[in-house]
Amino acid sequence: IITPVEIYRGFRDLGFCIPFSLGGLLINIFFSYPTTLGHSWLPDPLFRIYTDSIHKAKHGSDTGVYSSDGNLRLMLFNEVFEKMDSSRAEDTIEVDNTTRLEIDRREPSLGVGDLFRLHAKNRVAADPAGWSFAAMEWWTTWLLLQRDGRLWKKDLRAMYDGTLFWRIREEREKNGQLQHGYGWQDWLGGLWKNGTWKTWEIRHKDRVKIEAEKEL
């Protein structure tokens with residue numbers, strides 16, 4: 001059983017701010033009753049989520065990576081990257097007229113544009129609830145995991161099997177901060193200082209500049 005308090009604490013342990021963590025309580029509001037149906041027709045007054053029937057909370061317009069029984073389909077998971085990873089066509093992504101961001105060819109990934117295309121591809125007719133849930137889930141995932149503006153396959157795989165969340169909490173407890181993710185400081189700082197919310201592009205330019213100065 002997962003309580004609303006545990007959901008809130010989980011978001012905080014992952015590094016989300018208080019307002020966002022409070023917004024995470026929508027998970028209990030929307031998914032408590034579907035999982036309760038595995039035990040009773042009556043809704044749970046405490047909005048608890050029953051993990052033994054979590055598959056009953058599966059919504060439409062998703063990737064299908066999870067089956068209706070709650071099992072992970074690795075073939076479909078791999079297929080998402082094979083079809084939607086636009087960076088695999090090139091070794092670099094253009095940032096502006098003078099700078100190109102090199103992509104690690106050893107690992108597939110999904111950029112913001114790829115996620116929009118994936119969301120649009122999976123939308124089915126007359127399913128606004130599924131569209132909304134899918135959008136919120138991908139948005140939250142990107143905020144938590146993005147590195148260089150992209151979601152990397154190994155991170156998403158760890159998220160699907162649950163090991164990622166323990167790793168992030170341990171990393172925050174040990175180092176006090178994460179080497180990935182995107183927060184309101186990135187958004188405001190990027191717009192205020194550089195006129196763009198894509199802070200990873202600015203960091204890449206800074207790294208290129210520092211490396212060029214070292215060579216001089």
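Lysine 83 and glutamate 79 form a salt bridge, with their closest N and O atoms 3.3 Å apart; the term stands for a side-chain nitrogen of Lys or Arg within 4 Å of a carboxyl oxygen of Asp or Glu. Both residues sit in helix α4, 4 residues apart, about one turn of the helix. Helices here are DSSP runs of H or I with at least four residues, strands are runs of E with at least two, and both are numbered from the N terminus. Lysine 83 is exposed, with a relative accessible area of 56%, while glutamate 79 counts as partly exposed at 29%. For these classes, buried means under 20% relative accessible area, exposed means over 50%, and partly exposed lies in between, using a 1.4 Å probe and protein chains only.

Before going on, a word on the model: it is predicted, so local features need pLDDT of at least 70 and side-chain atom pairs count only at pLDDT 80 or more, whereas totals for chains, interfaces and linings use all residues. Residues are numbered from 1 along each chain as its sequence is written, and side-chain values use heavy atoms, leaving out hydrogens and water.

**The overall picture**

The protein has 10 helices and 4 strands, arranged along the sequence as α-α-α-α-β-β-β-α-α-β-α-α-α-α. It has 216 residues, of which 36% count as buried. Among contacts (heavy atoms within 4.5 Å) with a separation of 6 or more, 50% come from residues 24 or more positions apart.

**Charged pairs**

Side chains of opposite charge can pair when their charged atoms come close. A search of the whole structure finds 10 salt bridges, including these:

| Glutamate 79 | Lysine 83 | 3.3 Å |

Glutamate 107, in the loop between β2 (100-102) and β3 (109-111), is buried yet has no salt bridge. Its nearest side chain of opposite charge, lysine 154, is 4.4 Å away; Lys and Arg count as positive and Asp and Glu as negative, with His and the chain ends not counted. The glutamate 107 side chain does reach backbone nitrogens, that of lysine 154 at 2.9 Å and that of lysine 153 at 3.2 Å. Leaving aside neighbours within four places in sequence, glutamate 107 is in contact with Arg147, Trp152, Lys153, Lys154 and Asp155.

**Around serine 61**

Is serine 61 buried or exposed? At 7% relative accessibility, serine 61 counts as buried, and its place is the loop between α3 and α4 (74-84). Its side chain makes polar contacts with the side chains of aspartate 127 at 2.7 Å and tryptophan 131 at 3.5 Å. A polar contact is a pair of N or O atoms within 3.5 Å; within protein, one must be able to donate a hydrogen and the other to accept it, and residues adjacent in sequence count only if both atoms are side-chain atoms. The C-alpha atoms of serine 61 and proline 128 are 8.9 Å apart, although 67 residues separate them along the chain. Proline 128 belongs to helix α6 (residues 128-145) and is partly exposed at 49%.

**Backbone and surface**

Alanine 126 occupies the loop between α5 (112-122) and α6, and aspartate 148 the loop between α6 and β4 (150-152).
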